[in-house]
Amino acid sequence: CVGYGQGSSVMEGSNGPCMSLFLQWVKLVLGSTIKAYLSSPLCMALLPLAFGVGFGFWMGRRSRSTSVNDASAKGDSVGKQTKESWSNVLVSHLSQLNQWLSLQLFLILVFLDPRKCYKSNGMSSLFEDDRDEKTRTELRSMKTKMESGVEPHCVPRHIAVIMDGNRRYGNAKYGNATQGHWDGSKTLMEFSKWCQSEGVRILTVYAFSTENWDRDPAEVAALMSIFCKYCDELRVEAVERGIRIHVLATEEEKIPEDVRKGVDRMVEETKHCGEFTMNICLSYGGRGEIVNACKSIASDVRSGILDVDQIGEVDVQKRMLTGNYCDPDIIIRTSGEERLSNFLLWQVAYSEFFFLKKQWPELQKEDLLEVIRTFAHGRKRRYGK
């Protein structure tokens, strides 16, 4: 008896995982089938109708077969014929009832969404509209992780970058300044990924200043051509990673039409994204931004909208191109230069500055991690207190 009991337990142990796997497979297949069926209005409408037609056809054939048998059995008693005729009438009524019920079910499935019924029960996970989006978000979070080791509340919310050194890098490596700008655009994509993975919420980059229009026309034309192509690549990347893009310009009228169209499309198609924000300063100057804010205030005073005695910092701040965002916590400039070059002059009042020796295309993730660690552990902003 003991031996038999041991053998029985072994069999149960071996069949348990197989049965569990089989049940999971059945559940997956059944759930996928139900989800596919309920996600197709055409299937929901046609399947009940097909079932009704098939059932009615089967009942009709049975009724006709019974009638033939009745006609051939002429020698039977009158009582038996009467009983079978009642049976035929019952079958006919049942067939009509089935057709009516099938029609009602068809109408119910057309005008109602049965997925709501399932959501009220335990199968809601099969029909969550945002389940795929949740899965994509989870996968994105798995691909990247925080490597700085900094507590989330100590991570800078807003980083601004002066991407300097593209020309020098291109000339030194390729003998071609334009190629340096191409490599710089690739670095920007990677840099935004690094910021996003470390918990930074906003990235503002200095792409093209108002003073850059004074460069050689051939170089300016090459930069605008690069920016046109870059808009398409960045737009696709941004949509995939949930990045909302804004383009900040103080002299927008100087931007070529083809570039402006690419910018408008990029901004429009990413406006629904909310995981990360990237501000691209194009044809931008910090002084011009302040001048434009002053013009706006003067116009409101002249129109009677604003009292001159009530003008304060808040009135200027909300007229800045970055008025909807917090000021940068960190300003990074590459290439070894140590100046602002007319970048975010109003917003950097209490920003921490980091001047890196590397050219912008040479930047690595470890450089950003070191900046974040230094900001979190080595810098203390007291705001004058």
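The buried residues of helix α9 are V259, G262, V263 and M266, where buried denotes a relative accessible area under 20%, exposed one over 50% and partly exposed anything in between, as computed with a 1.4 Å probe on protein chains only. Seen down the axis of α9, these buried residues fall within an arc of 100°, so they line one face of the helix; the arc is that of the directions from the helix axis to the C-beta atoms. The cover over the buried residues of α9 includes α8 (217–241), β3 (243–248) and β4 (276–284), contact being defined as heavy atoms within 4.5 Å. Helix α9 itself comprises the 13 residues 257–269, which at 1.5 Å a residue should span 18 Å, and its end C-alpha atoms are 18 Å apart, in agreement with that expectation; the expected span is 1.5 Å times one less than the number of residues in the helix.

The model is a predicted one, in which local features need pLDDT of at least 70 and side-chain atom pairs count only at pLDDT 80 or more, whereas totals for chains, interfaces and linings use all residues. Residues are numbered from 1 along each chain as its sequence is written, and side-chain values use heavy atoms, with hydrogens and water left out.

The secondary structure of the protein comes to twelve helices and six strands, which are DSSP runs numbered from the N terminus, helices being H or I runs of at least four residues and strands being E runs of at least two. Of the 385 residues in the protein, 36% are buried. Among contacts between residues at least 6 apart in sequence, 74% join residues at least 24 apart.

In soluble globular proteins, nonpolar side chains tend to be buried together. Here the largest nonpolar core has 44 residues, and those with the most contacts inside it are I159, V161, F191, L203 and I332; a nonpolar core is a set of buried Ala, Val, Leu, Ile, Met, Phe, Trp, Tyr and Cys residues joined through side-chain atoms within 4.5 Å. Helix α8 gives the most to this core, with eight residues. When residues up to four places away in sequence are not counted, F191 touches V161, L203, I332, W360, L363 and L368. A second, separate core of ten residues includes A160, C281, Y284 and L344.

Side chains of opposite charge can pair when their charged atoms come close. The structure holds 22 salt bridges, each being a side-chain nitrogen of Lys or Arg within 4 Å of a carboxyl oxygen of Asp or Glu. One of them joins the side chains of K365 and E147 at 3.1 Å, N to O. This pair links distant parts of the chain, 218 residues apart, with K365 in helix α12 (residues 365–378) and E147 in the loop between α5 (131–143) and β1 (158–162). K365 is buried, at a relative accessible area of 16%, whereas E147 is partly exposed, at 42%.

Salt bridges also occur within helices. In helix α7 (residues 177–197), K193 and E190 are three residues apart and thus separated by about one helical turn, and the closest N and O atoms of their salt bridge are 3.5 Å apart. Both partners are partly exposed, K193 with a relative accessible area of 30% and E190 with one of 34%. R235 and D232 likewise lie three residues apart, about one turn, in helix α8, and their salt bridge has its closest N and O atoms 3.3 Å apart. Here R235 is buried, with a relative accessible area of 10%, while D232 is partly exposed at 37%.

Residues up to four places away in sequence aside, R333 touches I162, D164, R339, L340, S341, F354, F355 and L356.

Positive phi values in residues other than glycine are found at S283, near 55°, and at N342, near 65°. S283 is placed in strand β4 and is buried, with a relative accessible area of 0%. N342 belongs to the loop between β5 and β6 (352–355) and is also buried, at 14%.
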